[in-house]
Structures are given as C-alpha cells and as structure tokens.
Amino acid sequence: MLSAHSPFLGGTPTPTRRTTPTPRRHRPLSISSSSPPSDPLTTFGRLLWGRSLPPTPLISLARSSWSSAWHLMMRQLAPSTPSGSYSRPSSPFPSVPAHYLTSRPLRLHLYAAFSCPWAHRTLLVRALRSLESLIPVSLVVPGRDGLWEFESPDYPGGCRTLRDVYALRPGGYDGRSTVPMLWDSELRDVVCNESYGIVEFFNALDSGGDDLAPDHLRRQIEHWNAIVYPKINNGVYRCGFAQSQEAYDAAASELFAAMDAIEEHLSSSRYLCGDTLTLADVCLFTTLIRFDLVYNVLFRCTKKKLVEYPNLHGYTRDIYQMPKVADTCHFGAIVDSYYGTLFPLNPSGIRPLLPDSASEAELLSKPHNRESLSSIRRDLLPQAA
C-alpha cells in the first residue's frame, strides 16, 4: 500500500537507507503470457521441440503420409496409368441419338457450368448458333464436397445436385455426374454427357447461326481436333494431374510443342481452318481463355504464358470479341472453381493474386487486327479471268 508521502502521491519522501541490490538469477526462456498469441498446434509443437524444426523422423513420416494420401485422392479425382499419366475416363453417353435431329418439339435441357472448359464449349456453340430459345440451360457450381450443385433448386423435384438429376433416369445412375449433360425432359433420361457430341448436335440443328463444321472443312477440323484435344485441351490436365515427374515432363513437352506449332500456323491463318470459325476453334478457345488464369499457375504449365504468344493471344482476343462470346466467359467463376475446389492441387484453398475480371476482359478487348490476315489470303487467291 502506498504511504501518504509516496512520490507517486506528491509530498516529501521519507529518507531511506541505501542497500546493495541482490543480483537476479537468469531464468530459462519460457512461453509466457507476454508472448504473441499462437494457435494450439503451434503451442504444442514448441512444447515438444522448442523453436527448432520438428525432428527428422516426424518430417519423414508426415511427408510419406501426405504423399500416400495425395496419391489416393488423385487416383479418385484423376485416374492414371501405371506410369502416372492422367487418363481421362470415357463418357458413358458419348453422342446424341440421330432421331433427336428431327424430333419436335425438342424437349432437351442443357446442364452446364461457367467454370468448366468442356461445358463452356456447349454454352459457346449454343450462343453462336442462336439456340437459346430452343435449348434451355441450368447452371451448376462446384460444391465443397466435390459435387456439382445448384445455387438454388431449379429442377422439378427440388434436386440439390446434378447427381440428383442423373439419379432420376430409369434404373438410376452410379457413375460420375459430369457437365455438360444434355437431358431429355420428357423421358427423364440422359441423352449425352460428352462435350463434343453435344456441340456437334447443336451445330447440326436448324438455327440462325453460321455452320461451324461445313462439309468442305470437315477433314481440316478432324486434323486440328487430333492435335488440340490430346495435347492442349487434355494436355493441360495431363500436366496438372500428373502423378510422376516423367508423366509431367512428357505432357508439358507435348503441350508447348503443340502451342508453338499453332502459333506458327496462326501467323498466316486467321483461324485454324482459314477464314472460317469452326468447332476446332471453339475447342481450342475454351482452353486458351483459362490458360494464364489457371493452367499456367495451378497446373504447372509454366514454360510460357498465353500473352507471350502474339498470334495465339491475338486469336483468342479475336474470338472473345465476337458477338455473344464474352457473355459465356466468367473469369470469377473460373478462378473460384479451380483454386477453391481442387483440394489435392491446392490444399490451402488460397487464391493467388491474379488480374480481376474487369482487367482480364479489358485485355481481351484490345484490338487484334487479325482481320488483315483474311485480306491477305484473298489477295493471294488466283483472280478470275
């Protein structure tokens, strides 16, 4: 208790006798209440081994356990060959039966997602072919449990996930519930869940849009598809889902060799098949539009960015600026889906600092000047006598 003459209360202090202070003993450093607050795991770790690194056996055990768990999850997410190469599962409903081309009324419904490149193909062809009124669409988003789900139940019966819709088909369904999926609303059955089968069907329907696979370009389209699908469309996934160094090296080598070859081709050709936009361009575009945002970073396709390819990037801008195309490109959904839900590739869920959607759209809206290639090709054609 302070006295009446305490210097802290004012007044004259009482004289005191000087004494020699007793030396203090140095106590060992301990975690005290004055230390910065830490989480329970950090506190437990410091109690075990102080501030040094965990012991080597523990590091080895953790590394081995994480590696085993990672390979187990990857084999479910991305089936692989014995060498560790990603092997995309085939679609159980690969094509649309021919009778749907003449069926009227056409009671078909498309299920798709803005984030998925395969579903993006179908949304893009639906828009380019002006099929919006003929083919209604419902959009799904990736859920935390890995299932495609509706943001709000919009299907008769109140289905929460796309798997619930698949399960409505006669006999049920226990396979992968993937997008895109074309559904027969009358028969309540899956018509097709292979993206290229759906876009070929959309292109064959009578509509007001341009034909994206004219007969005289069919062989060229097949030629480019045989390069673009395995080496670029699926090639980026073979890089990201590779489960061995050898598998990754092979996939990355094929990917960038194909991109280099197409970069050279596009120096003298506006589109893959000349002056006409085709299904081959649609398939390439939906991968390119995601390349720098996702595949370059998350899938380790790091040798070059798309912006480092002048012709490929100009080609992407050319297609992006076509009527209706930009409306199918949702960059926020792409980033959220890949970085937020592919847990084995990004277990922390942390999203890297990337250009925002407005910046990406602004970049893709810059002049491309690729229409000049069409003029050059016309000038080179032999003139009629």
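This is a predicted model: local features need pLDDT of at least 70, side-chain atom pairs count only at pLDDT 80 or more; totals for chains, interfaces and linings use all residues.
A pocket, as the word is used here, is an open set of grid points where a 1.4 Å probe fits, with protein on both sides within 12 Å along at least five of seven lines, and its lining residues have an atom within 4 Å of a point.

View 1. Start with the space itself: the second largest pocket has a volume of about 200 Å³. Its lining includes A127 and L128, along with G209, D210, D211 and L212. Also lining this pocket are T276, L277, M322, P323 and K324.

**View 2. Strand 1 and its two neighbours.** Here we look at strand 1, residues 108-112, which pairs on the one hand with strand 5 and on the other with strand 2. Strand 5 (residues 181-184) runs antiparallel to strand 1, and four bridges join the two. In one of these pairings, L108 has D184 of strand 5 as its bridge partner. Strand 2 (residues 137-139) runs parallel to strand 1 and is joined to it by three bridges. Look for A112, which stands opposite L139 of strand 2.

**View 3. How strand 1 is enclosed.** Is strand 1 buried or exposed? Five of its five residues are buried, so strand 1 is largely enclosed by the rest of the structure. Both faces are covered, with L108, L110 and A112 buried on one side and H109 and Y111 buried on the other.

View 4. How many disulfides does a search of the whole structure find? The search finds zero. Take C239 as an example: the closest cysteine sulfur, in C301, lies 4.1 Å from the sulfur of C239, too far for a bond, because a disulfide needs the two sulfur atoms within 2.5 Å. C239 is buried, at a relative accessible area of 0%. Another cysteine, C159, is buried too, with a value of 6%. For the glycine, turn to G146, found in the loop between strand 3 (141-142) and strand 4 (148-149). G146 is exposed, with a relative accessible area of 63%. G146 and T341 are 195 residues apart in sequence, yet their C-alpha atoms are 7.0 Å apart in space.

Note on methods:
Residues are numbered from 1 along each chain as its sequence is written. Side-chain values use heavy atoms; hydrogens and water are left out. Buried means under 20% relative accessible area, exposed over 50%, partly exposed in between (1.4 Å probe, protein chains only). Two strands pair if DSSP finds at least two bridges between them. On a 1 Å grid over the protein atoms alone, a cavity is a set of points where a 1.4 Å probe fits but cannot get out, and a pocket is an open set with protein on both sides within 12 Å along at least five of seven lines; lining residues have an atom within 4 Å of a point. Grid points are joined across faces, edges and corners, and a volume is the space filled by probe spheres set on the points.
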